[in-house]
Amino acid sequence: MINGEVYTYMTVEQLTYFLAAAKYLNFSKAASALFIHPTTMSRAILKLEDEIGAPLFVRMKYSLQLSDVGHVLMQEASPVVAGWEKMYQRVRSAAAGVTGSLTLMGPHLYFQIIAPAYGRFASTYPKIGLSIDVCPYSKMDSVYHSISDGDCDLGISF
């Protein structure tokens, strides 16, 4: 409570739900992708809109569009949720006694090919966390940027 007002704060869970809804522009599809009930998705979005004080979506009969406020939240929430997920994995790894990490990035096709090597690596080095980030073929430049920004240790390209 500050100056007699009770404040609530948006949660990472709400932001995750919002980002899924923004991606699919459909609450049912977003809920399905997150393995939650559509009612849970709708309530979380309504609560977030109430907290922000503005609609995040323009609701039409059979579809959604992001409102201007929704566009701003999407731009701001994406790096926050990604950073939270990375932090969470690092803390969980530390709690499990992981002694290092290795992050790979590349197109989906290559990771299907190296899946057996991934399994051997994980069994040979169980205390090293291995994460794989997949990028679409249309965004291969993100491999270079991820490595140069230090977000990725190794990139696979063609």
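**Exercise 1.** Classify Tyr88: is the residue buried, partly exposed or exposed?

*Solution.* Step 1: take the relative accessible area of Tyr88, which is 34%. Step 2: apply the cut-offs, where buried means under 20% relative accessible area, exposed means over 50%, and partly exposed lies in between (1.4 Å probe, protein chains only). Step 3: Tyr88 is therefore partly exposed. Trp84 is also partly exposed, with a relative accessible area of 36%.

The structure is a predicted model, in which local features need pLDDT of at least 70 and side-chain atom pairs count only at pLDDT 80 or more, while totals for chains, interfaces and linings use all residues. Residues are numbered from 1 along each chain as its sequence is written, and side-chain values use heavy atoms, with hydrogens and water left out.

**Exercise 2.** Describe the ring pair of Trp84 and Tyr88.

*Solution.* Step 1: a pair of aromatic rings is described by the distance of the centres and the angle of the planes. Step 2: rings of Phe, Tyr and Trp (its six-membered ring) pair if their centres lie within 6.5 Å; planes under 30 degrees apart count as stacked, over 60 as edge-to-face and the rest as tilted. Step 3: the ring centres of Trp84 and Tyr88 are 5.1 Å apart and the planes stand at 10 degrees, so the pair is stacked. Step 4: Trp84 and Tyr88 lie 4 residues apart in helix H4 (residues 68-95), a separation of about one helical turn. Helices (H or I, at least four residues) and strands (E, at least two) are DSSP runs, numbered from the N terminus.

**Exercise 3.** Describe the ring pair of Phe18 and Phe57, and state how many aromatic pairs the rule gives.

*Solution.* Step 1: the count comes to 3 aromatic pairs. Step 2: the centres of Phe18 and Phe57 are 5.6 Å apart with planes at 50 degrees, so this pair is tilted. Step 3: the pair links distant parts of the chain, with Phe18 in helix H1 and Phe57 in strand S1 (residues 57-59), 39 residues apart. Step 4: Phe18 is buried at a relative accessible area of 0%, and Phe57 is buried at 3%. Step 5: ring pairs join Phe18, Phe27 and Phe57 into a cluster.

**Exercise 4.** How are helices H1 and H3 oriented to each other, and which residues meet?

*Solution.* Step 1: the axes of H1 (residues 12-24) and H3 (residues 38-52) come within 9 Å and cross at roughly 110 degrees. Axes are lines fitted to C-alpha atoms, for helices over the stretch in contact, and angles run from 0 to 180 degrees between N-to-C directions. Step 2: angles under 35 degrees count as roughly parallel, over 145 as roughly antiparallel, 65 to 115 as roughly perpendicular and the rest as oblique. Step 3: H1 and H3 are therefore roughly perpendicular. Step 4: residues of H1, including Tyr17 and Phe18, meet residues of H3, among them Met41 and Leu48; contact means heavy atoms within 4.5 Å.

**Exercise 5.** What is the strand order of the open sheet, and which strands stand at its edges?

*Solution.* Step 1: two strands pair if DSSP finds at least two bridges between them. Step 2: the sheet has 3 strands in the order S4-S3-S5, with parallel pairing. Step 3: S4 (128-134) and S5 (154-155) are the edge strands; each has a single partner strand, so one side of each is left without a neighbour in the sheet. Step 4: S3 (residues 100-106) pairs with S4 over 7 bridges and with S5 over 2 bridges. Step 5: Leu102 has Leu130 in S4 as its bridge partner, and Met105 stands opposite Gly155 in S5.
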